[in-house]
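Colleague: Hi, I'm new to this one. Could you walk me through it?

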Amino acid sequence: MRDRARAMLLFAAAGVAVLAVSSASGGRAQGADPNSASSPYRVVEHWANLPEGRVWGQAIGVDIDRDGTSIWVFDRCGARTCEGSDLAPIQKFDASGHLVASFGSGMFEWPHGLFSASDGTVWVTDGKKQIVVQLAPDGRALRTLGKPGVAGDGPDEFNSPSDVLVAPNGDIFVADGHGDFPKPKTNDRIVKYSKDGKFIKAWGRHGSGQGEFDVPHGLAMDSAGRLFVADRANNRIQIFDQDGKFLAEWKQFGRPSGVYIRDDIIYVTDSQSNEKVNPPFRQGIRIGSVRDGKVTAFISAPDPNEEMPEGVAADKQGNVFGGFTQLPDIKKYVRN
């Protein structure tokens, strides 16, 4: 078996394919046979009730509210950007898909990451304005990290921040560097701040070695406090402690755009793999355990050329939500 995980199609049901991932060597965790996992998922289209005339823009940021059932979405104002738009890019839906809050009009240009914190606030990143913003549940801006409109690599600067995460103790982690879009030669690092916004440290640089990054695109944290980074262009997840010490790399989850952890179940979106990019992996949402890294299920489209989401989250019932960017949408996946 080669170093890269091998995938074999087992079956398709209700428009969802489930894959088994066999052994991944070189110190990587091994995948599990999804035949032993729970039943596959089916997709629920158009589950969210958008306001009349409102359509999805590129829906990149998705997270679950602290209540465990409501869904936050950060989209690009019904388009590919929020520049010149008066639409609110931040929307909250209840479990039935009813809109319960919307705000952020005129505040953002290129929405990207979103994190729903345990205190009820919402954190978002803007990859063009070079900022990370904390907002109250009613939309008031509470704190801004970074210098608006200024790209840099200093302790109070970002260059296309992709995602943000707040640890249980309040420390703030930012995945800083989306690659060459929308800015050329962006950063490839993780930046850590204290709960009051003071710079603590940064680690990482462009590269493919341990602790190096090529488009750090998403963040998640498990119950042990380990930080999972979707190191997308390196086709791997890197795992660190909260001081930046490298712990492991996992390649069995494909080319990760988004990563989400609930109850130590990890959900990873692969929105770029194909026959030319990171073969033999296909696009989809791989699901597994953070304890052993085994992939136990794979949500995928029957057509290997069909786009799958960049953003991902899962509610406390185990429903999975995927944020799409090429054909903008938010889809809900439920177990059969």
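Predicted model: local features only at pLDDT ≥ 70, side-chain atom pairs only at ≥ 80, totals over all residues.

Colleague: Great. Let's begin with the sheet: in what order do β12, β13, β14 and β15 come?

Modeller: The order is β12-β13-β14-β15, in an open sheet of 4 strands with antiparallel pairing. From one strand to the next, the twist averages 15 degrees.

Colleague: And which strands stand at the edges?

Modeller: Those are β12 (161-166) and β15. Each has a single partner strand, so one side of each is left without a neighbour in the sheet.

Colleague: How many bridges join β14 to β15?

Modeller: There are 4 bridges between β14, residues 189-193, and β15, residues 199-203.

Colleague: Switching topic: which residues touch the most other members of the largest nonpolar core?

Modeller: That core has 26 residues, and Y267, I285, I299, V320 and Y333 touch the most other members. Several strands supply at least two core residues each, including β4 (59-64), β22 (284-289) and β26 (329-335). There is also a second, separate core of 24 residues, which includes V174, A175, I190 and V191.

Colleague: On to charges. How many salt bridges does a search of the whole structure find?

Modeller: The search finds 17. One of them joins R189 to D176, with the closest N and O atoms 2.8 Å apart. R189 lies in β14 and D176 in β13 (residues 172-176), so this pair ties together parts that are 13 residues apart in sequence.

Colleague: Are R189 and D176 buried or exposed?

Modeller: Both R189 and D176 are buried. Compare the salt bridge between R140 and D138, at 2.9 Å: R140 is partly exposed at 49% relative accessibility, while D138 counts as exposed at 52%.

Colleague: What about R226 and D222?

Modeller: Their side chains meet in a salt bridge too, at 2.7 Å from N to O. D222 is buried, because its relative accessibility is 7%, whereas R226 is partly exposed at 23%. Elsewhere, salt bridges with shared partners join K147, D156 and E157 into one network.

Colleague: Now the single residues. Where is E109 found?

Modeller: E109 is in the loop between β7 (99-103) and β8 (111-116). It counts as partly exposed because its relative accessibility is 25%. The C-alpha atoms of E109 and R76 are 7.9 Å apart, although the two are separated by 33 residues along the chain. Beyond its sequence neighbours within four places, E109 contacts residues including T81, C82 and K128.

Colleague: And S116, is that buried or exposed?

Modeller: S116 is buried, because its relative accessible area is 9%. It lies in strand β8, and its side chain reaches the backbone oxygen of I64 at 3.5 Å. Setting aside neighbours within four places in sequence, S116 also contacts D63, W72 and T121, among others.

Terms used
Residues numbered from 1 in each chain as written. Heavy atoms only, no water. Pairing = 2+ DSSP bridges. Core = buried A, V, L, I, M, F, W, Y, C linked by side-chain atoms within 4.5 Å. Buried < 20%, exposed > 50% of the residue type's maximum accessible area, 1.4 Å probe, protein only. Contact = heavy atoms within 4.5 Å. Polar contact = N/O pair within 3.5 Å; in protein donor to acceptor, adjacent residues only side chain to side chain. Axes fitted to C-alpha atoms, helices over the stretch in contact; angles between N-to-C directions. Salt bridge = Lys/Arg side-chain N within 4 Å of Asp/Glu carboxyl O.
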